Amino acid sequence: MIEYRNLRVALLGAGSVGAQVASLLLAHRDELANRAGAGLELVGVAVRDLDAPRTADIPRELLTTDAETLILGADIVIELMGGLEPARTLILQALNSGADVITGNKALLATHGPELFEAAEQVGAQLYYEAAVAGAIPIIRPLRDSLAGDRIKRILGIVNGTTNFILDRMDTAGESLEAALATATDLGYAEKSDPSADIEGYDAAQKTAILASLAFHTTVPLDAVHREGITGVTIEQVDAARKAGYVVKLLAICERLTDAEGVEGVSARVYPALVPRSHPLAAVHGAKNAVFIEAEAAGDLMFYGAGAGGIETASAVLGDLVSAARRHVIGGPGVAESTHANLPILPMSRVITRYQITLSVVDQPGVLAAIATLFSEHDVSVETVTQSVQVRPGDTASSATLVIGTHEASEADLAATVTALGTSDVVRSVTSVLRVEGS
């Protein structure tokens, strides 16, 4: 029997993911040791409440409320507590003690990532975070390592399972957003007390900041990520999208682009967008996640799978644990994060995109000409126009619905066009504005 060096592993947090990590580590300890080349001893699990119910059995003698003492005796620390504090303080303590750290804490990395990576580099430790984005899907390591020699042009990601489930229900079952959210809540995909982290796009924005920083070797702070949620998406928009050959998805978009002034920079943004049904992301259903990468040399790549779930996310954590153990066996300092490209973060106004705009207009001669003039005045070119006429009860004149698709233009010009349309005498209302991505 091979005798392995023993590594002491401390686990902070025993929620849905943490409990599964502990259970799998204990159950597959020998197998993981053979893969890592080192024994992996779970020396303790720090929790807030020793008696709280858990999704997997953890031996009582491993539980403790003293996280700081547990950290000081560990070679590798796994942080799955969530939140900013005390997670930040405990991770810094672990790194400063020389331990490697594994975390799935997207909010912490998006907010304090540079500080944590700097602390790891100073002492030669390593910070692993595969579980922070897209759950079980391996995306951090491919971006950080496999594609490090390539030039990534764009990432389109469905990185929040709750919103994808809701939008998919609206598309496939014809439910309203409110009904689909209720279904998601009943199934445990959405927080019953406050689903805003998901439906307002905060969760997706945190993951976008992490992905953009990795892809473009540039620190992308969370407050530089443009964020829009799905609360304004209507069943009418989803139905219209289906008829036009699109599906509505909440997208995380990370893009290297050159703006109209010739400045090369990075755009990071989250919003609901129209995706052609021919695009691979259109086929991502339910609560699944997917990340679509467009690279200069590798071409198009897509990573698909479970974006959340205790045992699924535990898979990513244990993958990082094996990597950390192998590093300890081999020796040497950890690998620093590559954020030295220092590309500027371009504001949303400089993004080049396309719009689909739905208008209710007065049905009379000259309307199309007047609207076309507004587009021309703001340097936006119209690609497609479809029109339907309807008579509303009580109206003295019939109205028409126009669905206008644009060519690519700057976000600033497109937004100015929408504003001008809203004040036009021939436009009764701007009923829908959605960006088009992935075509």
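Me: Where does Asp379 lie?
Reply: Asp379 lies in the loop between helix H13 (367–377) and strand S14 (382–390). Keep in mind that this is a predicted model.

Me: What is its phi like?
Reply: The phi of Asp379 is near 60 degrees, which is a positive value in a residue other than glycine.

Me: And is Asp379 buried or exposed?
Reply: Asp379 counts as exposed, because its relative accessibility is 61% and the cut-off for exposed is over 50%.

Me: OK, what about Ala134, what's its phi?
Reply: Ala134 has a positive phi too, about 65 degrees, although it is not a glycine. You'll find Ala134 in the loop between strand S6 (127–128) and helix H6 (140–146).

Me: Buried or exposed, that one?
Reply: Ala134 counts as buried, since its relative accessibility is 1% and buried means under 20%.

Me: Let's zoom out. How many helices and strands does the protein chain have?
Reply: The protein chain has 14 helices and 17 strands.

Me: What does the radius of gyration say about the chain?
Reply: For 439 residues, a compact globule would have a radius of gyration near 22 Å, and the protein chain has 25 Å, which agrees. Along its principal axes, the C-alpha trace spans about 85 × 50 × 35 Å.

Me: What share of the residues is buried?
Reply: Buried residues make up 54% of the 439 in the protein chain.

Me: How far apart are the mean positions of the positive and negative charges?
Reply: They are 3 Å apart, taking the 32 positive and 54 negative charges of the protein chain.

Me: What share of the contacts comes from residues 24 or more positions apart?
Reply: Such pairs account for 74% of the contacts with a separation of 6 or more.

Me: What else is His226 in contact with?
Reply: Leaving aside neighbours within four places in sequence, His226 is in contact with Ala268, Arg269, Val270, Tyr271, Met348 and Arg435. His226 is partly exposed, with a relative accessible area of 25%.

Me: What about Ala260, where is that?
Reply: Ala260 is in the loop between strand S9 (246–258) and strand S10 (264–276). Ala260 is exposed, with a relative accessible area of 81%. Between Ala260 and Ala409 there are 149 residues in sequence and 9.7 Å in space, C-alpha to C-alpha.

Me: Pick one of them for me. What does Thr163 touch?
Reply: Not counting residues up to four places away in sequence, Thr163 touches Asp198, Ile199, Ile230 and Leu250. Thr163 is found in helix H7 and is buried, with a relative accessible area of 1%.

Me: How does the span of H12 compare with what it should be?
Reply: H12 (residues 310–330) has 21 residues, which should span 30 Å at 1.5 Å a residue, and its end C-alpha atoms are 30 Å apart, which agrees.

Me: What follows H12?
Reply: Gly331, whose phi is positive, near 90 degrees.

Me: Last one: which peptide bond is cis?
Reply: The bond from Glu85 to Pro86 is cis, with omega near 5 degrees. Pro86 sits in the loop between strand S4 (76–79) and helix H4 (87–96).

How values were computed:
Residues are numbered from 1 along each chain as its sequence is written. This is a predicted model: local features need pLDDT of at least 70, side-chain atom pairs count only at pLDDT 80 or more; totals for chains, interfaces and linings use all residues. Side-chain values use heavy atoms; hydrogens and water are left out. Helices (H or I, at least four residues) and strands (E, at least two) are DSSP runs, numbered from the N terminus. Buried means under 20% relative accessible area, exposed over 50%, partly exposed in between (1.4 Å probe, protein chains only). The radius of gyration is taken over C-alpha atoms; the globule rule is 2.2 Å times the number of residues to the power 0.38. Contact means heavy atoms within 4.5 Å. Lys and Arg count as positive and Asp and Glu as negative; His and the chain ends are not counted. The place of a charge is taken as NZ of Lys, CZ of Arg, CG of Asp or CD of Glu. The expected span of a helix is 1.5 Å times one less than its number of residues.
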